[in-house]
Amino acid sequence: MGRVCLVALPGSGAGGILQLAATPAAAQEGDGYAALRAGRYEEAMPALRGPALDGDGAALDGWVTALRETGDYDGAVEAAELGVERGVGGARALLGAALMDVGRIAEAQAVLEEGAGEGGAAGVAARVELGILLYRYGDRARARDLFDGFIDYYNQAASLTAAELTAVGRALFHLSRWNYEYAHDALRALDEAVAAGPLDHSARLATAELFLERYDAREAAAAFGRILEENPAHAAARLGLARVARLEGGGNPQGQLEAALEINPNLAGARTLLARIRLMDGNRGEALEEVERVLAVNGSDLEALGTKAAILHLGHDDAGSEAVMREVRALTPTPTPPLLLLAELSADHRKYADALEFAREATEVDPGSWRAWGLMGLNQVRLGQVEAGRANLETAFEGDPFDLWFKNTLDLLDTFGAYRIVETPNFDLVLHESEAELLAPYMEAVAERAFAEMSRRYGQVPDSRIRVEVYPSHADFSVRTVGLVGIGALGVSFGPALAIDSPAARGRGEFNWASTLWHEIAHSFHLAVSDHEVPRWFSEGLAVHEQRKADPRWGHQPGVGFIRSLASGELRPVSELDRGFSNPRHPGEVIDSYYQASLVFELIEERHGFPAIVEMLRAYRDGATNEVAFEMALGVQLEDFDGDFEAFLQERFTAAVESVGGEPAEMAVLTQPLAISDVAALEAEVARNPGRFGPRMALGQALFGEGRGDEAAEHFEAALDLFPQYGGPDGAHWYLGRIRQAEGDTATAIEHYRSLLRLNESHYDGRRALAEVLYDIGDQTGAAEALRDLAHVHPYDIEDHERLSLLMEATGDLDAAVLERRAILALGPVDRATAHYEVARLLHRKGDRAAARSAVLAALEIAPNYELALDLLLELRREGGRW
């Protein structure tokens, strides 16, 4: 049964907890308030300071808010203290909040306890701040009681100010962590606060954070954006957009964070998020620096302390990590946020077993943390503990049905009833019933070959069987990977479990599933040898290198974007390659980084041998940085290797750099035919720049599209000289193969098709074209080899399997012929009787009489009078001595 995920947060209406409508208060007016809302802080602060010191509570609120929003927390404390000394209404709430900013928790609690006893709006403001403090650092039961009191406060009031409504909304926001239904009421109160004309953006900020916590990234981004429309200098809103970008896996979180920190250099959330980005880039030192900057201002910040504990844990400083957690436990009996950060950051760095244990500990100290239950379940599923993970995800979703990740993962697990587990010696292949019979034999062969070869290369095997989940829906694969649909990857490895797209999830010729499977199995070995410590750049590059070791035609190939980056000096040095994956500067950088990283291992193996690569993995296992791993295993300084690698790239791609580097983007290789009217313009461009790859390819394509193949060939040949490594599906070899084939120059056509397939692992049409030419010249063995791996690209065409079976039988490879005949059966042919008979006939030729008898009986069950099948059965009986 499908689950309803509460993504939208409509107002609660007449039936909600909040029953009475509030009367909007008049918006504050005046130059100081207008400057504050617009982010003109230097103008707002002096304008509001005077009235604040004269006893104006709203002005004091605005003055302190301006100081806090620009990071002058000590100044905010001093201003609020002046307000308390002068008896300004609401000053204690402002002082308590400012004291929390600088980590003076005991003082903050004391002043908020005093303020909570005040009447009216001043007491309301103090009570919500006190509740938040107690929720973070102390007595959660009392915090809940304080938050509960806001329901009656709202319902019993004839009218409320914007500040009071904001306090009600924030209180109900926190209550929703115990009972998600309060989220609707929180939103209603905050919407009313915004309508009432508040003096700052705190109501809208709380609204945006509510949406973000409830995984509605679109509404959160809109709310943050509305703040920035009025106040482009609102640091917390910029932090919010960075968090949205991280949630959605796109955008430019670092840019938003840097903008936020220019406004408020002490914004704790921005620095801790930046620390996470630095950590993903492989820069533990820089990450720790960011966290220490937070703790220098607020030594009690739980998020910063949790991030610090995680950085130390990931750096093998468990004693240091435990010391930080002792600090945390001294601050709060419920250290849930730091434990969740330890779980999240461990999972970010593929330490899934550690992530599971931290999440489990969080559920023990805080059984009401639905996030903790969900993280425990997600990491169990990642580790192949599917049923235990499902149970914990159900607990999480019951408590928080807003979480898309939990909901989507549970819905995916519900589909597992339609999957079959095929056990091989080292793998559990989880295949959809609709294609299990078809894919299992091919996948077992690839997986077991990979396991055997990598076991020898690495001298170690994973600790457990590897679970391989194969998804015919790319959306399901995306959910399995990140909990959301829409990612562009083809596979993912968690170590003991991995997932890939089925060939059904992509268009014909879009990817080679066997190459992808090999890549992901390689990750399982890398994680095992390094104890999940290997940096991403290393594992991704080595996995692509592994693909090429399995088959030189497999793996990423250079594109035009890669050559442009090389020519312009934009490729990152090896020492910074992790950033190409974790913090790409443009959409193509991740793909370029895969290819670039793979060449690192080509160079290492060429100069130092493959065992040196294994030694590097072991060095990472023992806590080595990139610099230490290079020095220990290779005996070279990383900065020296950077220089050698740059020279290696320049030498390999000399021609390509000269012909592509600096070329405008519009001259990239075109994948769509050009209009006839473009030919003249392209001819003029080629005449001006005969040594440029893009114009040559574009003109060749245009001429080919007009049927002028003989003229096009000249430009394709020139393009090959200019960029011989180009492996795109629209490359020159594909066109030249067809041109030469049409001219009758079969030998040249064959060479072009073979060159194409050496550069492109998934070119379906190229494989078929090569087989056709080879067959036509009587080379059945060559034609069979050309088609042998066609199922790795697209296994769903019965005609392909039929053709290959005949070729394999003709060349004497009866095992392969039987495999193809069984694939035909798995695809559900119209004439199933004949399909069974053909399997039986080949099995009989192999000498496997028992299997042949079963197959021929299956044919006769469908067509009892099938004469060829009856004859074969009689022959089998004669041979078996039963005549």
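Me: Is R218 buried or exposed in this predicted model?
Reply: The model is a predicted one. A residue counts as exposed when its relative accessible area is over 50%. The relative accessible area of R218 is 61%, so R218 is exposed.

Me: Which residue forms a salt bridge with R218, and how far apart are the closest N and O atoms?
Reply: Side chains of opposite charge can pair when their charged atoms come close. The partner of R218 is E219, which counts as partly exposed at 23% relative accessibility. The closest N and O atoms of E219 and R218 are apart by 3.6 Å.

Me: How many residues apart in sequence are the parts that E230 and R37 tie together?
Reply: The side chains of E230 and R37 meet in a salt bridge, with N to O at 2.8 Å. E230 lies in helix α12 and R37 in helix α1, so the pair ties together parts whose separation in sequence is 193 residues.

Me: Are D400 and R214 buried or exposed?
Reply: D400 and R214 form a salt bridge, their closest N and O atoms being 3.0 Å apart. D400 lies in the loop between α22 and α23, and R214 in the loop between α11 and α12, so the pair ties together parts that are 186 residues apart in sequence. Buried means under 20% relative accessible area. D400 has 9% relative accessibility and R214 has 3%, so D400 counts as buried and R214 likewise counts as buried.

Me: How many salt bridges does a search of the whole structure find?
Reply: Some residues are linked in a network of salt bridges, namely R276, E344, D348, R371 and D403. For the whole structure, the number of salt bridges found is 66.

How values were computed:
Residues are numbered from 1 along each chain as its sequence is written. This is a predicted model: local features need pLDDT of at least 70, side-chain atom pairs count only at pLDDT 80 or more; totals for chains, interfaces and linings use all residues. Side-chain values use heavy atoms; hydrogens and water are left out. A salt bridge is a side-chain nitrogen of Lys or Arg within 4 Å of a carboxyl oxygen of Asp or Glu. Helices (H or I, at least four residues) and strands (E, at least two) are DSSP runs, numbered from the N terminus. Buried means under 20% relative accessible area, exposed over 50%, partly exposed in between (1.4 Å probe, protein chains only).
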